[in-house]
Amino acid sequence: MAAIPSVKVAEVREFSRIERIGTHSHIRGLGLDDALEPREVSQGMVGQLTARRASGVVLEMIREGKIAGRAVLIAGQPGTGKTAIAMGMAQALGDNTPFTSMAGSEIYSLEMSKTEALTQAFRKSIGVRIKEETEIIEGEVVEVQIDRPATGTGAKVGKLTLKTTDMETVYDLGNKMIESLIKEKAQAGDVITIDKATGKISKLGRSFTRARDYDATGPQTRFVQCPEGELQKRKEVTHTVTLHEIDVINSRTQGFLALFSGDTGEIKSEVRDQINSKVAEWREEGKAEIVPGVLFIDEVHMLDMECFSFLNRALEDDMAPVLIMATNRGITKIRGTKYRSPHGIPIDLLDRMVIIATQPYEEKEMKQILKIRRVVFLSDLRETDPNYDFSLNRCEEEDAEMQEDALLVLTRLSMETSLRYAIQLITVANLIARKRKAMEIAVEDIKKAYSLFLDETRSTQYLKDIQDEFMFNEEDEQQSEVAMETA
Amino acid sequence: MDIEKTQQFLIQTETAAQEILITKDELVALDFRRQKTREAFRALKNDMIPGEKAWMSVGNMFVKTRTLKAQNLLEREMKELDKDISDLHNKLKEQVKMLRDLEGKPELKGFDLQPITKEADIIMKALSK
């Protein structure tokens, strides 16, 4: 006789599992060992040792909660792994710490003011840990006995016999309980849970020992083991919610809907004050813990002077997350003023920050990154393309998908142009290779891709040569530049 | 030197784990008594007529007492059992904490929090809708 599977899983193609490849989808962590020393190639990160070591130290401080309310700036040339380090930190922190990621320009929205957007972002990064405790009765139903009164009207009475592997007992049932049992269709052999406080009954499944009772069971039937231990257990569940979620729930009657539609609007400061005092009260009584998280603002030079003043103040709040910022600008104008400053950030804010610098990659580091990206790209392709040949080996091996000299050419290319351009070429070259029915990317594929798609330098050069023939060329451009400055 | 240390470590962790298992068994036994006491209380309430005497087993002895007295006895015992189980739960938590400490595992988050079931319920219900 065939064994009956314990869990019936619906036949759904795993669309939800395939993550779209992003630029940083190959990063799993910072790649540090136990002594916080960075390994050369690990968890998707390559090179950039000083910056990674510094981020590791910041990470430890975040974990111990010692850096709440401080700011970190990751600065470096374009394409040096700033966002990658932030992603690595997010992965390394895990699910327990709230990590909010945003771009500087997201602040500007018509629906809410800049300070409101920043405050919401701050409060999304602070978690509150709470616990709920319930007493539940969990056991396998041995017998359900319901007596209807002979007179027709009148309350039903009943007895429910529940057992676990260690004990068995009988419960007297009241009318409401009998109704719930009938509604849940609880029968002998079902494993049920009764919440003592609310009286809610939920079915966990059928007991294994009763699997042979019927020859055929419906598709929803799940078989579970008979519960062990005591019948009446105490269950404790810990939840981590963010301050923003609590704000939204409390700011309107239908608050929870707003969480999903995104239309939170402006939340009054009285509501926030109330919530702050409530959470502080819980902290005193030991009923809640604050989990300071991380707010990552990319392209922070897009924030203007008002935002920076607000940040100065907000960082001094006693409930402030760790602020990690990233920018690739050098000495530029602070948006909203006409003064120049390093990274486009005012000096007083820079003073409060710890700055991590990133360096451009060397050739062998670029080669490693290209190899890793090639693995990511190809493993994703395998899942989405039904025609892909599964007999090919996994691309950990050198010669499987890209020839060695092709990789060298690509590396040389990335040194001359940029890392991002080379990563894009992998996708294109792979398609070209498949078009000519080859298994591996060869040098000619890369050459063809290079000729088809221009990189930034070549495009600028090309433009300089024939710009007269493009619309709105230089004389008009000067006028539009002036128009942008005043915006 | 290393072997002795390992032995020491093993003795400590095994003792701690054994204590946890003993506490768990105690909990099961207490719950068993609680359920039986509850059944007895129910039986007295439903079937017996007040004023009459009923037979009750106390440990290994059978005692004939008035139903009211029997009910009071049972109620008191249930209250005591609830308190004992509560205490045992707290003891279990401490023992688990100690074992995790010995094993060098990180502290469980939110272990020592006081529960706030009412508010937590509201929040989680609102969030999961």
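**Note on the predicted two-chain model**

1. Between chain B and chain A there is one salt bridge. The model is a predicted one. The bridge joins the side chains of E236(A) and K93(B), with an N to O distance of 3.3 Å. Polar contacts between chain B and chain A come to 15 residue pairs, both partners being at pLDDT 80 or more.

2. On the chain B side, the elements that give two or more residues to the face touching chain A are helix 1 (2-47), helix 2 (67-103) and helix 3 (117-128) of chain B. Helix 1 of chain B gives the most, with eleven residues. Sorted by class, the side of chain B that touches chain A has twelve nonpolar, twelve charged and seven polar residues.

3. How many residues of each chain are in contact across the interface? For chain B the number is 31, and for chain A it is 34. The two chains bury about 3100 Å² between them, and carbon and sulfur atoms give 60% of that area. Of the area that chain B buries against chain A, 20% is supplied by L113(B), I116(B) and L127(B), more than by any other three residues.

4. Turning to chain A by itself, the secondary structure comes to 15 helices and 17 strands. Chain A has 487 residues, of which 42% count as buried.

5. The largest nonpolar core has 26 residues, and the members that touch the most others are I297(A), L323(A) and M325(A). At least two residues of this core come from each of the following elements of chain A: strand 3 (71-76), helix 3 (114-124), strand 13 (294-298), helix 8 (305-314), strand 14 (322-327) and helix 9 (347-351). There is also a second, separate core of 23 residues, which includes I372(A), L407(A), L413(A) and L425(A).

6. With neighbours within four places in sequence left aside, L323(A) is in contact with R70(A), A71(A), V72(A), F122(A), L295(A), I297(A), L311(A) and L315(A). A distance for orientation: the C-alpha atoms of L323(A) and A186(A) are separated by 52 Å, the two residues being 137 apart along the chain.

7. Which residues of helix 8 of chain A are buried? They are C307(A), F308(A), L311(A), N312(A) and A314(A). These buried residues of helix 8 pack against helix 3, strand 14 and helix 9 of chain A. One of them, L311(A), is among the contacts of L323(A).

8. T80(A) lies in the loop between strand 3 and helix 2 (82-93) of chain A. Is T80(A) buried or exposed? Its relative accessibility is 1%, and the cut-off for buried is under 20%, so T80(A) counts as buried. The side chain of T80(A) makes a polar contact of 2.8 Å with the side chain of T358(A). Leaving aside neighbours within four places in sequence, T80(A) is in contact with Q48(A), T358(A), Q359(A), P360(A) and Y361(A).

9. Most residues other than glycine have a negative phi. K185(A) has a positive phi, near 55 degrees, and is not a glycine. K185(A) lies in the loop between helix 4 (175-184) and strand 8 (190-195) of chain A. With a relative accessibility of 61%, K185(A) counts as exposed.

10. The other angle belongs to H343(A), where phi is near 60 degrees, again a positive value in a residue other than glycine. H343(A) lies in the loop between strand 16 (340-342) and helix 9 of chain A. Why does H343(A) count as buried? Its relative accessible area is 18%, and buried means under 20%.

Key
Residues are numbered from 1 along each chain as its sequence is written. Chains are lettered from A and ligands numbered from 1 in the order in which they are written. This is a predicted model: local features need pLDDT of at least 70, side-chain atom pairs count only at pLDDT 80 or more; totals for chains, interfaces and linings use all residues. Side-chain values use heavy atoms; hydrogens and water are left out. Contact means heavy atoms within 4.5 Å. Buried area is the accessible area (1.4 Å probe) that two parts lose on being put together, summed over both. A salt bridge is a side-chain nitrogen of Lys or Arg within 4 Å of a carboxyl oxygen of Asp or Glu. A polar contact is a pair of N or O atoms within 3.5 Å; within protein, one must be able to donate a hydrogen and the other to accept it, and residues adjacent in sequence count only if both atoms are side-chain atoms. Helices (H or I, at least four residues) and strands (E, at least two) are DSSP runs, numbered from the N terminus. Ala, Val, Leu, Ile, Met, Phe, Trp, Tyr, Cys and Pro count as nonpolar, Asp, Glu, Lys and Arg as charged, and the others, Gly among them, as polar. A nonpolar core is a set of buried Ala, Val, Leu, Ile, Met, Phe, Trp, Tyr and Cys residues joined through side-chain atoms within 4.5 Å. Buried means under 20% relative accessible area, exposed over 50%, partly exposed in between (1.4 Å probe, protein chains only).
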